[in-house]
Amino acid sequence: MATEQLKYQTIDVNEIYEIRKYSDRLVIETETSNQNSSFRKLFNYISGSNEKNQEIKMTAPVTQIEKNGNMTMQFYLPSEFDENNVPNPSNSEVKILNMKGGYFAAITYSGRASDKNFLKHKEILENQLKEDNIKILSPPIRATYNSPFTLPMLRRNEVMFEIERNT
């Protein structure tokens with residue numbers, strides 16, 4: 001069964017990155033003390049640890065971004081959910097947010113989602129955006145699309161930045 005992926009509109013593509021437009025979307029998030037505990041908290045929520053004991057399908061990507069000096073992990077909720085039907089988390093460390101849409105530049109790469117691989121691609125994207133005179137509005141976002149059991153060469157990982165785009 002295919003995993004629902006976050007939908008976006010591709011605005012522009014070049015050899016290094018693409019510019020995407022995302023609509024508003026619901027996420028659950030938790031601050032990261034360590035990656036495994038954050039993933040577990042979010043996974044427990046979609047496994048039924050919520051006020052309705054409702055199981056929720058996993059979506060892709062899983063993202064991580066720095067907020068207020070702390071790393072935050074996010075799961076995007078399936079498109080069937082909105083503010084009116086999303087179950088509240090049982091764990092107070094899991095928050096539901098409506099992420100505002102916007103324009104994002106993304107670079108895609110395969111391999112492990114290691115810090116080294118992420119930082120290498122972050123630098124490539126950041127430098128190219130600066131060279132292209134595109135204003136970066138967010139810290140780098142790490143997006144992973146596959147399970148840890150997927151062979152590294154088949155994995156899809158991304159680095160994204162929210163950017164300013166004059167339409």
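1. E126 is found in helix α2, residues 115-131; helices (H or I, at least four residues) and strands (E, at least two) are DSSP runs, numbered from the N terminus. This is a predicted model, in which local features need pLDDT of at least 70, side-chain atom pairs count only at pLDDT 80 or more, and totals for chains, interfaces and linings use all residues. Residues are numbered from 1 along each chain as its sequence is written, and side-chain values use heavy atoms, with hydrogens and water left out.

2. Is E126 buried or exposed? E126 is buried, because its relative accessible area is 17% and buried means under 20% (exposed is over 50%, partly exposed in between; 1.4 Å probe, protein chains only). Leaving aside neighbours within four places in sequence, E126 is in contact with I136 and F161, where contact means heavy atoms within 4.5 Å.

3. Nine strands make up an open sheet with antiparallel pairing, in the order β2-β3-β9-β11-β10-β6-β7-β4-β8. Two strands pair if DSSP finds at least two bridges between them. The edge strands, β2 (9-13) and β8 (95-99), each pair on one side only. From one strand to the next, the twist averages 30°. Axes are lines fitted to C-alpha atoms, for helices over the stretch in contact, and angles run from 0 to 180 degrees between N-to-C directions.

4. Strands β10 (residues 141-144) and β11 (residues 157-163) run antiparallel and are joined by four bridges. R142 stands opposite V159 in β11. Helix α2 packs on the sheet, where α2 touches β9 (102-109), β10 and β11. The direction of α2 makes about 35° with that of β11.

5. The bridge partner of V13 in β3 is E18.

6. How much space lies in the largest pocket? The volume is about 610 Å³. On a 1 Å grid over the protein atoms alone, a pocket is an open set of points with protein on both sides within 12 Å along at least five of seven lines, a cavity is a set of points where a 1.4 Å probe fits but cannot get out, and lining residues have an atom within 4 Å of a point. Grid points are joined across faces, edges and corners, and a volume is the space filled by probe spheres set on the points.

7. The largest pocket has 23 lining residues, and F39, T144, N146, S147 and P148 lie nearest its centre. Two or more residues of this lining come from each of α1 (35-46), β5 (59-60), β6 (62-67) and β10. By class, the lining has eight nonpolar, 11 polar and four charged residues; Ala, Val, Leu, Ile, Met, Phe, Trp, Tyr, Cys and Pro count as nonpolar, Asp, Glu, Lys and Arg as charged, and the others, Gly among them, as polar.

8. The second largest pocket has a volume of about 280 Å³. It is lined by 21 residues, and L6, D24, R25, L77 and S79 are the closest to its centre. At least two lining residues each are supplied by β1 (4-5), β3 (18-22), β4 (25-31) and β5. This lining divides into nine nonpolar, five polar and seven charged residues.

9. One cavity of 30 Å³ or more is found in a search of the whole structure. The largest cavity holds about 30 Å³ of space. Its lining consists of I46, I56, K57, M58, T59, F75, Y76, L77 and P78, with seven nonpolar, one polar and one charged.
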